[in-house]
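This briefing goes through the structure shown below, topic by topic.

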Amino acid sequence: MSFSTTRSPSATWPKWLTTFGWITAILLVSGQIYAIVTSPPDAAMGDLQKIMYIHVPSAWVAMMSFIVVLAYCLLYLWKHQPKHDLMAASAAEVGTVFTALAIAQGSIWGRPTWGVWWTWDARLTSTAVMLLIYAGYLTLRSFTDDEERRARWSAAVGILGAINVPIVWYSVKWWRTIHQLQSDMSSISPEYRRGWIINALTFTVLVVYLIVARYHVSLLQRAGEQHAEEQALAVRSVHV
Amino acid sequence: MSNWGYIGLAYGVTYGVLIGYFVGLMRKRRQALAAIEESGK
C-alpha cells in the first residue's frame with residue numbers, strides 16, 4: 001500500500017468493513033445477552049458475576065491490542081512503511097479505550113466485592129501504568145508534524161511499553177494481590193464457561209473491527225491532508 | 001446501590017464509551033471523506 005499524493009484506492013471506506021461492523025454488532029449483542037441470561041448467580045458474589053462478561057474480555061483485548069502495537073512498531077522499524085505506523089497507532093488508541101474500560105469496570109466490580117473503588121494492588125497498578133504508557137504514546141504523536149520522526153519515536157515507545165504487558169498478565173502470580181488469578185478453562189465453572197468463551201471471542205472480533213476501522217479512518221484523514229497540501233501548493237504556484 | 005445497580009453501571013459505562021468511540025470514529029470518517037471530496041472538485 002502506497003502513500004502517494006494521488007488519490008489511492010486505499011483512501012476509501014471498504015464496503016466489507018461496513019458488513020464486518022454489522023456482523024460484529026450482532027455477535028456482540030447476542031453473546032452478551034446469552035451470557036447474562038444463562039449464567040446463574042455466583043455462590044459468593046451473586047449476580048455481580050455478570051460483570052465478568054465485559055471486564056475479562058476488555059482486559060484481554062486491551063493486552064492483545066498492545067501486542068499488535070508491538071508487532072507493527074517492530075514492522076515499522078524494519079520496513080519503514082507508514083502504513084505500519086498507522087496500524088500501530090490505531091491499535092494503541094483502541095487498546096487505550098479498552099484498558100480504561102477494564103479499569104472502570106474493575107473499579108465498579110471492586111466496590112461491592114472488596115469494599116473499595118480502588119486499591120494499589122499489583123494488577124490494578126500495573127494496568128494503570130499500562131494505560132499511562134499508551135496514553136503517553138498517543139500524546140507523543142501530537143508533538144511533531146514530521147511523519148517519519150513521529151513514527152520512529154512512537155515505535156520506540158510502543159516497543160518499550162510492551163514490556164509492561166506481561167507484567168500486567170503475571171502480576172497476580174508474581175505478587176500477593178487482592179485481584180483473583182486470571183480465569184482459564186480449568187478454573188471456571190462449567191455454567192459460566194460457555195458465556196465466558198463466547199464473549200472473549202466476540203470482544204476479539206470487536207477489537208479487530210475497531211482497529212481496522214480506525215486504520216482506514218487514518219488513511220482517509222491522511223489522504224485528505226495530502227489533498228489539502230497539494231491544493232495549497234497549487235494556489236501558491238499560481239500566485240508566484 | 002444494589003448488585004443490579006453496579007451491573008447496570010458497569011454495562012452502561014462500557015456501552016456508553018464504546019458507542020461514543022464508534023460515533024466519534026464515524027464522524028472523523030465523514031469529515032475525512034468530505035475533505036477528500038472537496039479537494040477533488
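**Briefing on the two-chain model**

Gln81(A) sits in the loop that links α2 and α3 of chain A. The model is a predicted one, and the predictor assigns the complex an ipTM of 0.93 and a pTM of 0.90.

- Gln81(A) counts as partly exposed because 16 other C-beta atoms lie within 10 Å, and a buried residue would need 20 or more.
- Across a gap of 70 residues in sequence, Gln81(A) and Ala151(A) have C-alpha atoms 9.4 Å apart in space.

**Helix α3(A)**

- The 33 residues of α3(A) reach 46 Å from the first C-alpha to the last, which is close to the 48 Å expected at 1.5 Å a residue.
- Most of α3(A) is covered, with 24 of its 33 residues buried.

**Asn164(A) in helix α6(A)**

- Asn164(A) is part of helix α6 of chain A.
- Asn164(A) counts as buried because it has 20 C-beta neighbours inside 10 Å.
- Leaving aside neighbours within four places in sequence, the contacts of Asn164(A) are Ser126(A), Val129(A), Met130(A) and Ile133(A).
- Of these, Ser126(A) is 38 residues from Asn164(A) in sequence, and the two C-alpha atoms are 7.3 Å apart.

**The largest nonpolar core**

- The largest nonpolar core holds 62 residues, and the members that touch the most others are Val69(A), Ala88(A), Ala91(A) and Val207(A).
- Two or more residues each come from α2 (52-79), α3 (82-114), α4 (122-140), α5 (147-161), α6 (164-174) and α7 (190-239) of chain A, and also from α1 (3-40) of chain B.
- The largest share of this core, 16 residues, is supplied by α2(A).
- Beyond neighbours within four places in sequence, Val207(A) is in contact with Val61(A), Met64(A), Ser65(A), Val94(A) and Phe98(A).

**Where chain A meets chain B**

- In chain A, 27 residues are in contact with 19 residues of chain B.
- On the side of chain A that touches chain B, α3 and α7 of chain A each supply at least two residues.
- The largest share of that side, 10 residues, comes from α7(A).
- Sorted by class, the side of chain A that touches chain B has 16 nonpolar, six polar and five charged residues.

**Chain B**

- Chain B has one helix and zero strands.
- The C-alpha trace of chain B spans about 60 × 10 × 5 Å along its principal axes.
- Of the 41 residues in chain B, 15% are buried.

**Confidence**

- Chain B has a mean pLDDT of 91, with 95% of its residues at 70 or more.
- Chain A averages a pLDDT of 88, and 95% of its residues score at least 70.
- Residues 1-9 of chain A have a pLDDT below 50, and this stretch makes 10 contacts in the model beyond near neighbours in sequence.

Methods: Residues numbered from 1 in each chain as written. Chains lettered and ligands numbered in written order. Predicted model: local features only at pLDDT ≥ 70, side-chain atom pairs only at ≥ 80, totals over all residues. Core = buried A, V, L, I, M, F, W, Y, C linked by C-beta atoms within 7 Å. Buried ≥ 20, exposed ≤ 12 C-beta atoms within 10 Å, placed from the backbone. Helix = DSSP H or I, 4+ residues; strand = E, 2+ residues; numbered from the N terminus. Contact = placed C-beta atoms within 7 Å. Nonpolar A, V, L, I, M, F, W, Y, C, P; charged D, E, K, R; others polar. pLDDT = per-residue confidence, 0-100. Expected span 1.5 Å × (residues − 1).
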